[in-house]
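Subject: Structure handover and findings

Dear colleague,

Please find the structure below, followed by an account of what was found in it. I would be grateful if you could read the two side by side.

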Amino acid sequence: MKKITKIIPNIFTLLNLFFGCISIIFLQSKLFEYSAIFTTFSLIFDFLDGFISRSMKIENKFGKELDSLADMVSFGLVPSIIVFLLFQNMNGNQKIIPFIEWSSFLITIFSAWRLAKFNITYYMDKKNYGLTTPVNTIFFTSLSIIMKKYIPSNNINIIIKEMIFSPIIMFFIIFFSCYFLITKIPMISFNFYGISWKKNKKRYLFLLMSLLLLLTLHMVAIPCIIILYMITSIYFHRFNRKKLH
């Protein structure tokens, strides 16, 4: 029975990998919405894999390596392919800088760096540093849906959409994505300490701002919330450092 229990997280990891592969197949046909659906399944099984391992206190070196290999496909390769296709959809504008679309695979490279670093880090040192590969994938998946399917409902949304989907802006988004994948800046943790405002101030503020973005920007809010998450984390990191000094 123990042997069967131990392989349950690995089965979820393999399902994460399986759905990541299907997501890539749909991306080859530029079916971003279907790709997003299967990426969502990958995210769910990635969460279940970790949740069950922690709940059942399963320590499995094989599972740890398998998880990183699955994540490399679902959350390392998938976002790079998305960005590569977004460059191709820019009506020839990407030709201003030759081969700029190939810069999209920097995301895969830095995702591999992050995952390898995570695997050799002692458990107690694994704080919430930088942007995780699943969150990074959510960011680029949402961009692909906005680019392909989303029709802006107001002038603000139109401006945001036009700004994001220019080759230079996209290149800088790739640069910052890669930086945040390997940075040592601690990100906000969403482990609430009761319901106290004082103990959870930054979490409540972030959730409130996220809700306002969702109500005003709708689909466009998803990448904006992730950017807000990074900015808020940097602010509180700098604020905490000043308090210590």
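From the N terminus on, the elements of the protein run α-α-α-α-α-α-α-α-α. That comes to nine helices and zero strands; helices (H or I, at least four residues) and strands (E, at least two) are DSSP runs, numbered from the N terminus.

This is a predicted model, in which local features need pLDDT of at least 70 and side-chain atom pairs count only at pLDDT 80 or more, while totals for chains, interfaces and linings use all residues. Residues are numbered from 1 along each chain as its sequence is written, and side-chain values use heavy atoms, with hydrogens and water left out.

Overall figures

Of the 245 residues in the protein, 44% are buried. Here buried means under 20% relative accessible area, exposed over 50%, and partly exposed in between (1.4 Å probe, protein chains only). Among the contacts with a separation of 6 or more, 73% are between residues 24 or more positions apart, a contact being heavy atoms within 4.5 Å.

Asn 10 is found in helix H1, which covers residues 2-28. Asn 10 counts as buried because its relative accessibility is 10%. Not counting residues up to four places away in sequence, Asn 10 touches Asn 60, Phe 62, Gly 63 and Leu 66.

Gln 28 also lies in helix H1, but with 62% relative accessibility it counts as exposed. Gln 28 and Leu 85 are 57 residues apart in sequence, yet their C-alpha atoms are 8.8 Å apart in space.

Lys 30 has its place in the loop between H1 and helix H2 (32-55). At 30% relative accessibility, Lys 30 counts as partly exposed. The phi of Lys 30 is near 60°, a positive value in a residue other than glycine. Most residues other than glycine have a negative phi.

The 24 residues of H2 should span 34 Å at 1.5 Å a residue, and the end C-alpha atoms of H2 are 34 Å apart, which agrees. The expected span is 1.5 Å times one less than the number of residues. The buried residues of H2 include Phe 32, Ala 36, Phe 38, Thr 39, Phe 45, Asp 46 and Asp 49. Just after H2, Lys 57 takes a positive phi of about 55°.

H2 and H5 pack at an angle of about 160°, with their axes 10 Å apart. Axes are lines fitted to C-alpha atoms, for helices over the stretch in contact, and angles run from 0 to 180 degrees between N-to-C directions. That angle makes H2 roughly antiparallel to H5 (under 35 degrees counts as roughly parallel, over 145 as roughly antiparallel, 65 to 115 as roughly perpendicular and the rest as oblique). The contact is made by Phe 32, Glu 33, Ala 36, Thr 39, Leu 43 and Asp 46 of H2, and by Pro 134, Thr 137, Ile 138, Thr 141, Ser 144, Ile 145 and Lys 148 of H5. By class, the contact of H2 with H5 has six nonpolar, four polar and three charged residues. Ala, Val, Leu, Ile, Met, Phe, Trp, Tyr, Cys and Pro count as nonpolar, Asp, Glu, Lys and Arg as charged, and the others, Gly among them, as polar.

Thr 141 lies in helix H5 and is buried, with a relative accessible area of 9%. Leaving aside neighbours within four places in sequence, Thr 141 is in contact with Ala 36, Thr 39 and Ile 82.

H3 and H5 pack at an angle of about 25°, with their axes 9 Å apart. The two helices are therefore roughly parallel to each other. Among the residues that make this contact are Phe 75, Val 78, Ile 82 and Leu 86 of H3, and Thr 137, Phe 140, Thr 141 and Met 147 of H5. By class, the contact of H3 with H5 has ten nonpolar, five polar and no charged residues.

Helix H4

Helix H4 (residues 106-119) has 14 residues and reaches 20 Å from its first C-alpha to its last, close to the 20 Å expected at 1.5 Å a residue. Ile 107, Thr 108, Phe 110, Ser 111, Arg 114, Leu 115 and Asn 119 are buried in H4. The buried residues of H4 pack against helix H3 (61-88), helix H5 (133-148) and helix H7 (167-182).

Yours sincerely
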